[in-house]
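User: I would like a close look at a single part of this model. Please keep it brisk.

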Amino acid sequence: FPSHDIPQYVSQSRYCRDTDKAQRLFGSSANIIKGDLRDTQAINDSLKDAEYVYCNLSVEPDSTESDFQAERDGLQKILSIAINMNIKRIGYMSSLAHRHPDMHWWVFEIKKNAVKSIKKSGLNYTLFYPSTFMENFDKGGYRKGNTINLAGTSLHKMYLIAGDDYAQQVVKAFEIDTANAEYYPQGLEGFNAEEIATMFVMHYTKHQLKIARVPLFLLQCIGLFSRKMKYASNIIHALNTYPEKFEAEHTWNELGKPEITLKEYILKS
C-alpha cells in the first residue's frame, strides 16, 4: 500500500520471498525483508513489534500437497506465534473461487482449512474473499508476452477488482478495527474472460495485444506430465465455471466502493 495510506499502527515492513520484485512494486514506501515461513525464529522476530498481521499467502504451482505449504504449515506457525505475542488482529486474503461448489481440489481445501484455523485460533480476524484481480490479465497468468491466453469457455461474469482498490479496502478494514469480519471485494462491473481479453486488445496502448485460444482439455492432458500445467488448468477451470454473483454491497458500505473500471485500468496500464 502507498505509505501515506497506511495507518500508523500497521507496520510498513513487508516480508516476502522475492525482495527485488517487491521493491520494484512498492519502491521506497516500504521496508522489504526476505522471509521464510519455515523459519520460526524469523517469524518471531518479524512479529515482535507488530499489533496487526496481514497474510497474503499462496500455493506454488509446481508443489504437491505433501510439500511445505505456506497457507497450511506456514500459517500454523504464524498463528501460534501471534497468539503468544497477543497480536490484536490477523488479516488473511483468500478468494471467492475456492468456494467452488463442484470442484474438490487439495489447493482449495488448504484455503478452506486456513480460514477454519484462523477462526479457531481465538485471534480477532478480518478475512477477505476477493474476486479475480484485473492485474491477472496483463501482469499475471493470462498474459505471456503480448498474448492473452484463454482456455476453455468462461461461463460466468467475474466482478474484477483492481489491486489499488483492494488495497484501499484492506487499509480501511484495519482503520475501522472491526474484529471478526469477512469481506467480499468485487469491482464495479462483471465480465467473462472473453470480454475482458477483448477489452484489453481494444484499449491497451503500450503494445498490440492479441488473443490465443486453446482447448482446456489440451492443458489438462499436458498436466498429466507437468504439475505446473495441472495447477494452471485447474485454476482456469475454476474461474471458467465458478458461478460468481455480486455480493460486495456490505463490503462497499463498510470499506468504500471501488473507483477503477476495467477500461480505466487498461488505459492506465
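What covers the buried residues of H5?

Analyst: First, the basis. This is a predicted model, where local features need pLDDT of at least 70 and side-chain atom pairs count only at pLDDT 80 or more, while totals for chains, interfaces and linings use all residues. Residues are numbered from 1 along each chain as its sequence is written, and side-chain values use heavy atoms, with hydrogens and water left out.

Now the helix. H5 spans residues 163-176. Helices here are DSSP runs of H or I with at least four residues, strands are runs of E with at least two, and both are numbered from the N terminus. H5 has 14 residues and reaches 20 Å from its first C-alpha to its last. That is close to the 20 Å expected at 1.5 Å a residue (1.5 Å times one less than the number of residues).

Next, its buried side. Asp-165, Tyr-166, Ala-167, Gln-169, Val-170, Val-171, Ala-173 and Phe-174 are buried (under 20% relative accessible area, with a 1.4 Å probe and protein chains only). Their cover includes strands S3 (52-55), S4 (89-93), S5 and S8, plus helix H9 (249-255). Contact means heavy atoms within 4.5 Å.

Ring pairs link Tyr-166 with Tyr-54, Phe-128, Phe-133 and Tyr-183 (rings of Phe, Tyr and Trp, using the six-membered ring of Trp, pair if their centres lie within 6.5 Å).

Finally, the end of the helix. Asp-177 follows H5. The phi of Asp-177 is positive, near 60°.

Note on methods: Rings of Phe, Tyr and Trp (its six-membered ring) pair if their centres lie within 6.5 Å; planes under 30 degrees apart count as stacked, over 60 as edge-to-face and the rest as tilted. Buried means under 20% relative accessible area, exposed over 50%, partly exposed in between (1.4 Å probe, protein chains only).
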